[in-house]
Amino acid sequence: MKNKDIKIIFVDIDWTLFDHNSLSYPESGLEALKKAQQNGIKIIICSARHYMSFFHLDALNKIPHDGYICSGGGIAYADNQYIYRQFIEKDLAETFISRASKLGYELQIIGPDYSYLTLPENDLAKAYYQFWYEYHPEVHPYDGREVTSVLLFCKEGEEKQFADLPLHFFRFYDSGVDVTETPYIKSTGIKAILNHYGYKKEEAMGIGDDIPDIEMFNEVGIGVAMGNGKEEVKKNATYVTDPIHEDGLAKALEYYGLI
């Protein structure tokens, strides 16, 4: 099947472009995106990672791109401007951060282009950064700047003590809980980017491997699942390509005649 009507590609990072087994970007994937970009197709990085996390992976330097969606859809950036941004309302953020800090919880404060820890790394934080191959933020007190989200380091179930606050808690790792005011989903950022460029859903492709990428597939004309992706993701994809270590991304773009 060939489709030369695609004008924009949304591409995930982890296990789609970045191989955690080799801790590297397979060159074939990067070169494929570069060729697609040269063919006039816009490339948008679309990741659950936040902006500062991109730097640890050198994503913005390594990956050919025209913009990015980060924090799982909370931030969308293109043409040297923020197209979309979500924040936790200031008073609510201050209330949660103050209460959690008084209880001794480690917090990573995440903004649109900054991130820091409120305390020196504890064992829960160290385990998280090691597993996700994440960068280690600097440490300083909450400074009142806008908060996109908060990463709460706590044991299973401890987040329930904040249930009275109008916040959304999403545990994605044994020691890590994402705290936002509303659920962040990749489709929100994708809609904002498509609207900004005036592109139709049918003119977009999404490439990913994990459950949040299903939302991405719902907002594009063609959803490509990596061969190493989760089975549920593959079931929701238009096309399943080979795994990341077998040049899956490049093969997908070749299959659709985009390079």
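**Entry 1: before starting.** I am working with a predicted model, and I began with the strands.

**Entry 2: β1 and β2.** I looked up how strand β1 (residues 8-11) meets β2, and found that they run parallel and are joined by 4 bridges. To find my place, I picked out Ile-8, which stands opposite Lys-42 in β2. Helix α1 (residues 27-38) belongs here too: with β1 and β2, α1 makes a right-handed β-α-β unit.

**Entry 3: burial of β2.** How many residues of strand β2 (residues 42-46) are buried? I found 4 of the 5, so strand β2 is largely enclosed by the rest of the structure.

**Entry 4: on to β3.** I then followed β2 to strand β3 (residues 67-70), and the two pair in the parallel sense over 3 bridges. Here Cys-46 stands opposite Ile-69 in β3.

Entry 5: Which way do β3 and strand β4 (residues 75-78) run, parallel or antiparallel? They run antiparallel, joined by 4 bridges, and Gly-67 stands opposite Ala-78 in β4. This hairpin has 4 residues between its strands, and Ser-71 in the turn has a positive phi of about 55°.

Next I checked β4 against strand β5 (residues 81-85): they run antiparallel, with 4 bridges. Ala-78 turns up again here, opposite Gln-81 in β5. There are 2 residues between the strands of this hairpin, and Asp-79 takes a positive phi near 55°.

**Entry 6: aromatic pairs.** I turned to the rings and noted 25 aromatic pairs in the structure. For Tyr-105 and Phe-162, the ring centres are 6.1 Å apart and the planes stand at 70°, so I logged the pair as edge-to-face. Tyr-105 lies in the loop between α4 (90-102) and β6 (106-110), and Phe-162 in the loop between β9 (149-153) and β10 (168-173), so this pair ties together parts that are 57 residues apart in sequence. Both Tyr-105 and Phe-162 are buried.

The rings of Tyr-128 and Tyr-129 have centres 5.3 Å apart and planes at 75°, so this pair is edge-to-face. I looked up their burial as well: Tyr-128 is buried at a relative accessible area of 7%, and Tyr-129 is buried at 1%.

**Entry 7: a cluster.** I found both tyrosines in one aromatic cluster: Tyr-128, Tyr-129, Phe-131, Trp-132, Phe-153, Phe-170, Phe-172 and Tyr-173.

**Entry 8: charges over rings.** Last, I looked at arginines over rings. Arg-85 lies over the face of Tyr-82, 4.7 Å from the ring centre. The charged end of Arg-145 sits over the ring of Tyr-114, at 3.8 Å from its centre.

Definitions and conventions. Residues numbered from 1 in each chain as written. Predicted model: local features only at pLDDT ≥ 70, side-chain atom pairs only at ≥ 80, totals over all residues. Heavy atoms only, no water. Buried < 20%, exposed > 50% of the residue type's maximum accessible area, 1.4 Å probe, protein only. Pairing = 2+ DSSP bridges. Right-handed = clockwise from strand over helix to strand, strands pointing away. Phe/Tyr/Trp six-rings, centres within 6.5 Å; stacked < 30°, edge-to-face > 60°. Lys NZ or Arg CZ within 6 Å of the ring centre and 35° of its normal.
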